[in-house]
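Dear colleague,

I am handing over the structure we talked about, and below it you will find my notes on what came out of it. Please read them with the model open beside you.

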Amino acid sequence: MKIAVCIKQVPDSWAEKKMLNGYLDRVNVDAVLNDLDEYAIEEALKIAEAHGGNEEGGANTVTVISMGPERATEAIRKALSMGANAAILITDPALAGADALATTKVLAGAITKGGFDLVICGTESTDARMSVVPAMIAERLNWAQLTFASAVSVDPAAKKVTITRVTESGVDEMFGEFPAVISVVEKINEPRYPSFKGIMAAKKKTIENMDLAALDITVENAWSAVIDASPRPPRAAGLTVTDDGTAADQLVSYLVEKKLI
Amino acid sequence: MSTTLILADFIGGKNTKTTAELATVAARVGDVTAVLLAPSGQGASYAAGIVQGPIKNILIIESDGFALHGVGAAADVLSQVISLKNPTAVLIASHAFGKEVAGRVAVKSNSGIITDAVDVGADLTVTQLVFGGSTTVHSRVSHGTPIITLRPNSVSADLVAVTPTIETLNLDISSGSKKTTLISSQPPQQGGRPELTEADIVVSGGRGTNGDFSVVEAFADSLGAAVGASRAATDAGWYPHTHQVGQTGKTVSPQLYVACGISGAIQHRAGMQTSKAIVVINKDPEAPIFEIADFGVIGDLFSVLPKATEGVKARKS
Ligand SMILES: Cc1cc2nc3c(=O)[nH]c(=O)nc-3n(C[C@H](O)[C@H](O)[C@H](O)COP(=O)(O)OP(=O)(O)OC[C@H]3O[C@@H](n4cnc5c(N)ncnc54)[C@H](O)[C@@H]3O)c2cc1C
Ligand SMILES: Nc1ncnc2c1ncn2[C@@H]1O[C@H](COP(=O)(O)O)[C@@H](O)[C@H]1O
């Protein structure tokens, strides 16, 4: 199988995020691999390992694909040290501030070019927090959409993927055929730490850099635009009491006073 | 007046109160048509479940394919309705299903999408709260038909009684939108409590419950609240995954959020920080959750919650 994993480099979720000229300031903060995408990488490696491996001469390859600035190579290196075989980074000045429509147009273009069987994504990027990219990629490619998976099983012979989907509507068992787009929730696995051997091996792997021209794609317009962004006043400091046996009564009085009961 | 479409929000066959919230916002923009995707033969009974909200017209499309083929099928039919009705905007509930439908519809109609709106103006300016509620962003769709998802519980719904006209359309789900098939489905276990994202009050338990959610549930029941959980609690199997609040769980913004035995990790805060009032019960005064508490109790949840439950019951009776 040829498996692709879509990963994104995001500002460190512990760092304070700020807006700069209507966009998230991605330059002046530490950037990390979107932590939810580590689960996608792990799941891709597990699927490959369960069906013939992805070592030299193995039956499968795992390729990470990222759209982002040059420095996204840091996130890609991490994926490669975990065990991914190859990487594609799409960088283009026209993609600064790209929205979900532009992002998925680009990712779908790179996926088509690579001829993959499966694409695995995280459920959410910690900066955009839209949770729409995997479904939109499926729509653009006209592939099966198997998203919000807490369990995935793949049958390469039958070209079939079965998942457990966890959402507000409950827990659903569903299947689709290759090619398919999968997104995984963080319950699915425990991402491995890169081994020393993995880190050394990653240094020798090449990252294929592409721009829009190389993908034969144009992003002719923005589909949405930020008008303004402003900090909200911080939450007013609240009242804290130490329980001396009366805290429950004080709590109930607070609820009454605020008309919450 | 122009038409604004909303996707009637049904979870587990029941209309949620988000439908009225969507209608309230959509009515600022144009006459509201609610698109209702129902199982075969159940359009009328589903429509009868929509009793409140400024809705002019209910458009029923029936097919068993909606349950069977999920997001792809809903997006396909909703896009067909968009082509037929040429609406000013389309509003959908901002949960996993709603956002995915919106994303696919945006691709199909080559239109801009904005998710997680907390408000939408008459001129379709969208308000979002980002970075854990620390920043307000206004934005607008600049291309195509604006596709906007609205977070449940963000606006107060206009609860006028509806007497909509009802129209039924025969639309087929295109074969390309049936690539995913349902094998089995287990509805969320609510235990008779309100749905998490819709609830006015949410009481959540974390690792501090040590696996015993009974005091959390009892307090929730005294308040008519939904029960949530931190990831520590769902990972341990103490509470179902579907009740997880946070970055990888549900985003809630109730009138009142009560965090019991939860430390307040950034991933948990991401799902509850925009709650209107936050109450915390934690025995560690250094727990970061106190930073966002409106009312904090430093104490043992096993002694505070039962007393508070009695106190609430006494007030209510
Ligand atoms: C990719 C990723 C995604 C994540 N997504 C989520 C998510 O969606 N939601 C989420 O919640 N977390 C999420 N997490 C996990 C998050 O980082 C924390 O580990 C988790 O929220 C901790 O849960 P907790 O507060 O219940 O446990 P802890 O951090 O262990 O806190 C327990 C608290 O209980 C208090 N306590 C103990 N006993 C009592 C008592 N008797 N009475 C009162 N207080 C008591 C303690 O003082 C402590 O503050 C995610 C993590 C990752 C890496
Ligand atoms: N720029 C990007 N490059 C590669 N993958 C991405 C990008 N943006 C989003 N994704 C993938 O889509 C998932 C959901 O992201 P989002 O819809 O932005 O919340 C992420 O977890 C990634 O797997």
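**Ligand 1**

In this model, which is predicted, an oxygen atom of ligand 1 is 2.6 Å from an N or O atom in the side chain of Ser263(B). A polar side-chain atom of Arg207(B) likewise lies 2.6 Å from an oxygen atom of this ligand, while a nitrogen atom of ligand 1 is 2.9 Å from a polar backbone atom of Leu301(B). The protein covers 82% of the 980 Å² of accessible area that ligand 1 has on its own, and the elements that give two or more residues to its shell are helix H1 (35–50) of chain A together with helices H6 (231–235), H7 (266–269) and H8 (301–316) of chain B. Ligand 1 lies between chains A and B, and although the residues that come nearest, out of 29 around it, are Arg207(B), Ser230(B), Thr248(B), Ser263(B) and Asn282(B), it is H1(A) that gives the most to the shell, with three residues. By class, that shell has nine nonpolar, 14 polar and six charged residues.

**Ligand 2**

For ligand 2, there are 21 residues around it, of which Cys6(A), Ile7(A), Asp37(A), Ser125(A) and Ser131(A) come nearest. An oxygen atom of ligand 2 is 2.7 Å from an N or O atom in the side chain of Ser125(A), whereas Ser131(A) contributes a backbone N or O atom that lies 2.8 Å from an oxygen atom of the ligand, and Met130(A) a backbone N or O atom at 3.2 Å from an oxygen atom of the ligand. The protein covers 98% of the 490 Å² of accessible area that ligand 2 has on its own. Its shell has eleven nonpolar, seven polar and three charged residues, and the largest share, three residues, comes from strand E6(A).

**The contact between the chains**

The contact takes 88 residues from chain B and 78 residues from chain A, and the area buried between them is about 7,000 Å², of which carbon and sulfur atoms give 58%. Five salt bridges are counted between chain B and chain A, including one between Lys108(B) and Glu139(A), whose closest N and O atoms are 3.1 Å apart. Helix H4 (residues 96–108) of chain B gives the largest share of the side of chain B that touches chain A, nine residues, and by class that side has 35 nonpolar, 37 polar and 16 charged residues.

With best wishes

How values were computed:
Residues numbered from 1 in each chain as written. Chains lettered and ligands numbered in written order. Predicted model: local features only at pLDDT ≥ 70, side-chain atom pairs only at ≥ 80, totals over all residues. Heavy atoms only, no water. Near = heavy atom within 4 Å. Polar contact = N/O pair within 3.5 Å; in protein donor to acceptor, adjacent residues only side chain to side chain. Areas by Shrake-Rupley, 256 points an atom, 1.4 Å probe, with all protein chains shown as cover. Helix = DSSP H or I, 4+ residues; strand = E, 2+ residues; numbered from the N terminus. Nonpolar A, V, L, I, M, F, W, Y, C, P; charged D, E, K, R; others polar. Contact = heavy atoms within 4.5 Å. Buried area = accessible area lost by both parts, 1.4 Å probe. Salt bridge = Lys/Arg side-chain N within 4 Å of Asp/Glu carboxyl O.
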